[in-house]
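User: Please walk me through this entry, with the ligand sites and the metals. Give the cut-offs as you go.

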Amino acid sequence: MKNSFIGRLIQNDKAARNTIMVLLAVLIIVPFLNIVMPEGSFLHVPTYTVTLLGKYLCFALLALALDLVWGYCGILSLGHGAFFALGGYAMGMYLMRQIGDRGVYGNADLPDFMVFLNWQELPWYWQGFDQFWFAALLVLLAPGILAFVFGWLAFRSRVTGVYLSIITQALTYALMLAFFQNDFGFGGNNGLTDFKDILGFDLQSDATRLVLYMLTGIAVLAAFLLCKYITLSKQGRVLVAIRDAESRTRFMGYRVEHYKLFVFVVSAMIAGIAGALYVPQIGIINPSEFNPLNSIEIVIWVAIGGRGTLYGALLGAVLVNYAKTYFTGGIFAEFWLFMLGGLFVVSTIYLPKGVIGLAEQLRNKRAAKKAEQASNQKVEGA
Amino acid sequence: MAGWLGALGIFLMASLATAADFETELKTLSKGSYSKKAIAVQALSEIDDARVLPTLQVMLDGRLYVVKNGGAIVAEEGESFRNILDDEIVAYTSRQVKKIRINNKLRRALRTALASIEIKSKIADVRKSSVQNLIKAPNKDLRPLIFEAYKQEKIPAIKELMGVALATIDISSDDQETRLKAVDILSLTVEPAAVSLLQQLMAKEEGQYVEQDAEVVAAAESALKKVNGKIRVYSFIETVFFGLSLGSVLLLAAIGLAITFGVMGVINMAHGEMIMLGAYTTFAIQQVFPQWIEASILIAIPAAFLVSGAVGVIIERTIIRHLYGRPLETLLATFGVSLFLQQLVRTFRSNNVAVVTPDWMSGMLEINGALGFTYNRLFIIIFSLLVLGLLVLLLKKTLLGLQMRAVTQNRAMANSMGIRSSWVDALTFGLGSGIAGIAGVALSQITNVGPNMGQQYIIDSFMVVVFGGVGNLLGTFFAAMSLGVVNKFLEPAMGAVVAKIMMLIFIILFIQWRPRGLFALKGRFVED
Amino acid sequence: MSVSVAEYKPKSILYLNGVTKSFDGFKAINNLSLDIRPGELRAIIGPNGAGKSTMMDIITGKTKPDEGEVKFKDLTDLTKHDEADIANLGIGRKFQKPTVIESLTVWENLELALSGRRGVWQTLFFKLADSDAERVASTLTLVGLEERKADYAQNLSHGQKQWLEIGMLIMQDPELLLIDEPAAGMTDYETLQTAKLLKDISQKHSVVVVEHDMDFIRALDTKVTVLHEGSVLAEGTLDVVSADPRVIEVYLGR
Amino acid sequence: MLEAKKLNLFYGASQALFDVDLQAQKGAITSILGRNGVGKTSLARAVSGRHPVSGGSILWQGKDITRMSSADRAKAGIAYVPQGREVFSQLTVEENLKTAFAVLPRKQRAINSEIYDLFPVLRDMLHRRGGDLSGGQQQQLAIGRALVMRPQLLILDEPTEGIQPSVIKDIHNVISILRDRGEMAILLVEQYFEFARALADSYVVMDRGNAVLSGDIGAMDETRVREYLTV
Amino acid sequence: ADTIKVGVLHSLSGTMAISETTLKDTVLMMVEEQNKKGGLLGKKLEAVVVDPASNWPLFAEKTKQLLEKDKVDVIFGCWTSVSRKSVLPVIEELNGLLFYPVQYEGEESSKNVFYTGAAPNQQAIPSVDYLMNEEGVERWVLEGTDYVYPRTTNKILEQYLISKGVKKADISINYTPFGHSDWQTRVADIKKFGSAGKKTAVVSTVNGDANVPFYKELANAGVTAEDIPVVAFSVGEEELSGFDTKPLVGHLAAWNYFMSAESEANDAFIAKWHKYIKDKKRVTNDPMEATYIGFEMWAKAVEKAGTAEVDAVREAMYGITVPNLTGGIAVMNTNHHLTKPVLIGEIQENGQFETVWQTPGGVIGDAWTDFLPESANLVADWTKPIACGNFNIKTGKCSGQNY
Ligand SMILES: Nc1ncnc2c1ncn2[C@@H]1O[C@H](COP(=O)(O)OP(=O)(O)OP(=O)(O)O)[C@@H](O)[C@H]1O
Ligand SMILES: Nc1ncnc2c1ncn2[C@@H]1O[C@H](COP(=O)(O)OP(=O)(O)OP(=O)(O)O)[C@@H](O)[C@H]1O
Ligand SMILES: NC(N)=O
Ligand SMILES: [Mg+2]
Ligand SMILES: [Mg+2]
């Protein structure tokens, strides 16, 4: 079933095929260049770059998640950062527990921040996080359940459009404030950091980093295929119908709220995985990930890449984040916001369908020109 | 200042003895620790010398210096210095003189000392503030002085305050009768200092009342009950006021957005920056016309409207107009604009700038010791209602308002009706931005003005507009006010952070109940 | 309702009794009663604003009535169900203003409307059977849109959207069809075609159709109900009602 | 009055009008006939300025308006009643009517009571929001709104759609009165053949984006026209 | 390399740019000046500026970039504690060198970081002492922004006050969110708390943008420094330049440096700054001094070690002295914290502080506070024989952390 789906995909969908190729290429070539090429070589990819690419891939995964709900189902979530962060925290808690007695206070039972705030014992919601499987489960469940409860309420009440967007924003804002609080037990503003190792592997070692990078790549590929499957199935068409004419879809007998809830939860879980992969590679998770402005940025990645195309989301996330890395280092450091701001403005005006839409846009324009010319010639000839 | 020193000569002759005291005490002001200086101040205040009052005043203002060479005490007057003793004006460089430092403790001593002199002032306001200072620091020695003033006083409110001042002294009298009477007087006031005196009568040590007299304790108890009842009422009113004032801040911040987003449908992420530009305009005006600080706000209102409005028009003409029919994209572009503007301001000056509050907006309207309304917030409440009212009139009662609404609902059809939609769009966006600019003027009076200030308001503004119901100004008003008031009632109980979280959860839940906000647009067209 | 629903032969397919709905004090539907038999084709006419579309809103769950019963097949109280439920019970609707899914193609619009199970999992693993594909194809022919089948619905003209929506209704294959002004924007010829089509459909289904086009109504040759100010003004054959002076006064004109 | 020549119009790459010619005279009604999707609305849009033409020219009262914005055309006296009504749904009926004031000099900004006489329902529902009206009421509002503009060219795109028979008769009368006043040219897009034939002075039949037949109504070959409407 | 590279890791955009941009300029000024003097070890210094954009993970990433890609020899950077925490694992793993110039909550001593700002015992405790002794304060409001620095500082202060005999009922601790702008309720509460007949003061760890509305509300509500003085740890000259200071005269701040300090070194520094930044109105502040001291120390250590290599420089750092701008000498201790004097100043109308009290000598920065039970046992000493940042004097071992 799956094989045949992928087979069909590769045969019939050029863009999807290219996306898969590119993903496979970065999955294979980058590690190759990192390991095999000698350090001094011009082809060598330093681990620094590998981790950077890993970060981009995490963001790409996150963008993909958003594109599924926004691009296809019209749910503009301005709170997707929350699901990302929750996945990240779940992973971060595991990593914190792995520190054991290697923290600054040498307390095997409590993370450092609890020690210096005089906590006596590990709170109940930290229990179980010393087990990887448990944390991995929570990476999916924490965002999944939140999305389920939130979505169940909102979709059932038919909260749509900006109203939905704004309450997703309220959600992530509330979570940010909550996680900021030291009393909340997640390290307050500083969040969770100072990780040592994952499943016994040293997080600082190049090998671990490479593996994490590859896992991220695989996750992106898998999520891409999953999303592709959903959107190519009849369900994909139902989602588009909901996006375009929700009430009409309802009159056709589709339970709109179930569909919305389903993709919202799937999307939240993908975002959670992205967060979980992000944290060990970046080395810190803190409440600023819940910042509503971060979530808005995710929307921007998707929009820049091209909404409703999946690969556009991947491309947009990588492009914008690469631009950020590039602009914030070196000579642009003081002006980078001008460039980024300018980029956003220019691309919205000139690329209404995103970078991905550019090709189509050019094609259409050319076709229209041609048609007009043809008709004009005919006029002249007549 | 020349005046008082001019009249001085006579005194110099008249009371040589006190003049000598004055001289020695004056000298001590320049030496020794703060506590020694405090004693000297106390001593000075008891000397009957016309130079005392101005000297203490100068000292409190931080303008009293000692000449390094010779130790003469001088008062700084602009570029030069005036010798306290001989009234001579001398020019010293800043290296030749040393400031006579004061700290808070000394300031308090000076204040009390001045109060004991100023209670005899002819100006009612001076007497009033002097009594208030005396209430804060009851001093037995001053009782006769206050009593004298009390007898002379004609204005009932001040007389009452003086009575309280006396009672604050009498309450520690040895005489039970006096104490009881004092309690009686104190039970009539809600001055915090007085209330705390009553509370102290109720203090216990090891289960025993410190106050020996049971009758006094009983009187204090019933007095406290009475006072606390009043205070509760006042504090309720105060909380409502806090809520309305927070609400009016939210309203001001949101109201421009209610136009650009609510009416036009532009998800205007640069709204906060329009507020910021307005605030910076206020700053600029204060810089350019430092002599008009008092009027600066009034000048800034139209100026900020024009500046932010113009920027809004430029943004609309260059960017937004390409995006009609693609509302979500406006989010993206205006976010870019917002980043751009922030960094632009940052390049000009990365830190906050100081906007001065004019005197007429500083301080508070004191109803009594337990209740007062700060002028800046009163101003903002009134101002926000004014802006809202004008806007409602504009939108509902003028042809332009009608055209604004028509254009945003169906741009093509509006054009076909002969409405120049491009012009109306620019004007509408300019109006929304201009109002944001005005909000910036008001906000500059209560919070910081810096490159980040816009970001503080953008999220709240969207919440308010959406909570109220997009496209409904009245909804925006009620949303802002109710969020403000509810927040202020929650805050004392659970703290600012949790209160804010509760507000957000409340909004989320409320929207479940009313999916289109407080004042939802109704009708069959909504779903289509 | 639980006892052998399958065997039960309902007396009426749609039964409205004493339905009232007001908007801000204005009674759009006023004590309206209506009884549609299984297999019946019913035409509804009445002045603009009489409440015809509102009545359909109430039947399909878009609007909740203030008072009155709305029963489907005698037993099901439609006011207790939402739009999706009602659609799945077997009531389909064409809107007065054509509404199609603009960014799906004509073909996909029809596929979407195709009767069948509408659950999240079912659509996720849905596979188009050959017979279904044929149905889509034949419907395309029926509504004259074969040539446009790969075009996005947003690129259709007004009348073409009308046709597409009729096609979708046919694909949905409901027991009861509510059709609001199908002939609007059609040529006289197409109008008569449509009437014929509806008569065919009513062989197996129950149909309620609203129109202002008297030629169309005449072609339907069926019982006509005249609504006025939210309630029934007259009922009978077209000849009977169009002779009714009140109907002439408020609706047909002299 | 109105003279459109060789109009070509595109939606993206697909062409909706091919070299269409059209004329309309003051005091006369020109009817545009044709099946679904043949380009009637496109032609009306081209004349009203809703959609740019890529070729051809439009002369209005001797002036070339081919590139003029629709707002300017409205100011030049062209009013448009679009297919699908397009009333301002959140504005009240009265406000909808007032949007027409933009083209009127300040002193003439009033709603002629004739409008209410023609469509009494509008008077009854003056303060109801446009979007709440029934379909037919909206159609009446759209026509009324155009009349408030006191246009010299009135473009009506299927104005009878969804309107009850008695009101159709009224509209018929109004249109002929307006024509008879001789101040106005009228372009009428209609599929209701009888209605068009009874009113029109001249006609254009369209098919697949082309104007295939045209001329004075008196000289119309009815069977050929009907052919184009049925095929 | 033919140059010695100096990384500058301060936010130039985002919320922290308000504070950090100045420090970037300070480092650049120091680099320029050092180059005028001929650089170090005969090599020119080259500044590499990056913008971590007030984004905490980006701090880590940029650190990595500076160390791995740009191969800088030293980094001057960070302001918030969370940014430092984010940088920490990277700088330790890649064995970089960071000079951190801001007052902070302590509880940290990394081999790769030199802390030139104040530890809690160099700011918080002396100011409480001052208020107690000089102003006779008996009742305390500990008002902070809700994050680690205020939380920790207040925890320490609470312990300290209790150890001084202050009753729990006389301490009120409260937190508000970042950027809190509506202070009406809090100010009213403070007023009430302060009217109980005992002298009351506010110890403020309110951070950043929340300060202006806080002080404005205090002023308007008539809370003057004479009634209820506020001593702040995060309000310096730079912040004051965004205040309308007139109603705030007398409120206090505790720092290790005030611009108003009278010393030749300070005059020279200010002159240099004004020349560099081309704006006579610009102020200097404590983190600038900390940056200055850090830079001078690093330069000296490089000269002393004869190389810019990190391990050598670190060894050379211990015991290095640089004159403070306020007079006296700053010393780098083996716990990576400075010995510096503590100054308490009152706000003046002109936006400056006037020193009203000052420790007689320098105070040694304490990485681990003595007022929290877990920390009391810890000491940091990066020289042999201890050679770790968290030596437990009870167990005689370095706990966990190897760096
Ligand atoms: N949501 C609403 N708010 C206010 N009035 C409404 C609303 N919905 C319908 N109405 C009013 O109810 C009446 C009935 O409208 P409805 O659309 O049902 O008429 P109709 O019979 O379908 O007319 P038409 O033949 O013109 O389509 C109209 O007068 C309309 O203005
Ligand atoms: N917005 C659009 N984008 C692309 N194609 C369009 C668009 N609108 C109309 N078309 C196409 O152009 C052709 C002419 O459409 P037009 O609306 O002018 O037809 P019409 O004669 O008015 O039809 P109807 O009687 O159905 O209203 C049709 O084939 C239609 O599919
Ligand atoms: N270290 C601080 N002030 O965050
Ligand atoms: Mg209807
Ligand atoms: Mg048409």
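Analyst: Helices (H or I, at least four residues) and strands (E, at least two) are DSSP runs, numbered from the N terminus. This is a predicted model, where local features need pLDDT of at least 70, side-chain atom pairs count only at pLDDT 80 or more, and totals for chains, interfaces and linings use all residues. Residues are numbered from 1 along each chain as its sequence is written, chains are lettered from A and ligands numbered from 1 in the order in which they are written, and side-chain values use heavy atoms, with hydrogens and water left out.

User: Where is Arg85(D) found?

Analyst: Arg85(D) is not a glycine, yet has a positive phi of about 70 degrees. Its relative accessibility is 7%, so Arg85(D) counts as buried (under 20% relative accessible area; exposed is over 50%, partly exposed in between; 1.4 Å probe, protein chains only). Its place is the chain D loop between E6 and H3.

User: Which chains supply the residues that surround ligand 2?

Analyst: The shell has 20 residues, and the closest are Asn155(C), Ser157(C), Gly159(C), Thr41(D) and Ser42(D) (near means a heavy atom within 4 Å). The site is shared, because its residues come from chains C and D.

User: Which elements give two or more residues to the shell around ligand 2?

Analyst: Two helices do so, one from chain C and one from chain D. They are H6 (158-172) of chain C and H1 (40-48) of chain D.

User: Between which chains does ligand 1 lie?

Analyst: A shell of 24 residues surrounds ligand 1, and the closest are Lys52(C), Ser53(C), Thr54(C), Ser134(D) and Gly136(D). Elements that each supply at least two shell residues are strand E2 (26-36) and H1 of chain C, with helix H6 (135-148) of chain D. Ligand 1 itself lies between chains B, C and D.

User: How much of ligand 1 does the protein bury?

Analyst: Oxygen atoms of ligand 1 lie 2.9 Å from a polar side-chain atom of Asn48(C) and 2.9 Å from a side-chain N or O atom of Gln96(C). For Gln137(D), the side-chain distance is 3.2 Å. Ligand 1 exposes 640 Å² when taken alone, and the protein buries 97%.

User: Is Thr41(D) buried or partly exposed?

Analyst: Thr41(D) (OG1) coordinates the magnesium ion, ligand 5, along with Gln83(D) (OE1), at 1.8 to 2.1 Å. Gln83(D) has a relative accessible area of 14% and is buried. Thr41(D) has 22%, so Thr41(D) is partly exposed.

User: Which residues is Thr26(E) in contact with, leaving aside neighbours within four places in sequence?

Analyst: Thr26(E) sits in helix H1 (residues 17-36) of chain E and is buried, at 0% relative accessibility. A polar atom of its side chain lies 2.8 Å from the backbone oxygen of Thr22(E). Beyond those neighbours, its contacts (heavy atoms within 4.5 Å) are Phe269(E), Trp273(E), Met288(E) and Thr291(E).

User: Which pair of chains has the most contacts?

Analyst: Chain E does not touch chain C, with nearest C-alpha atoms 38 Å apart. Nor does chain E touch chain D, where the distance is 37 Å. Among the 8 pairs that touch, the most contacts are between chains B and E.

Definitions and conventions:
Donors = N, O, S within 2.8 Å, 3.2 Å for Na, K, Ca; no water. Polar contact = N/O pair within 3.5 Å; in protein donor to acceptor, adjacent residues only side chain to side chain. Areas by Shrake-Rupley, 256 points an atom, 1.4 Å probe, with all protein chains shown as cover.
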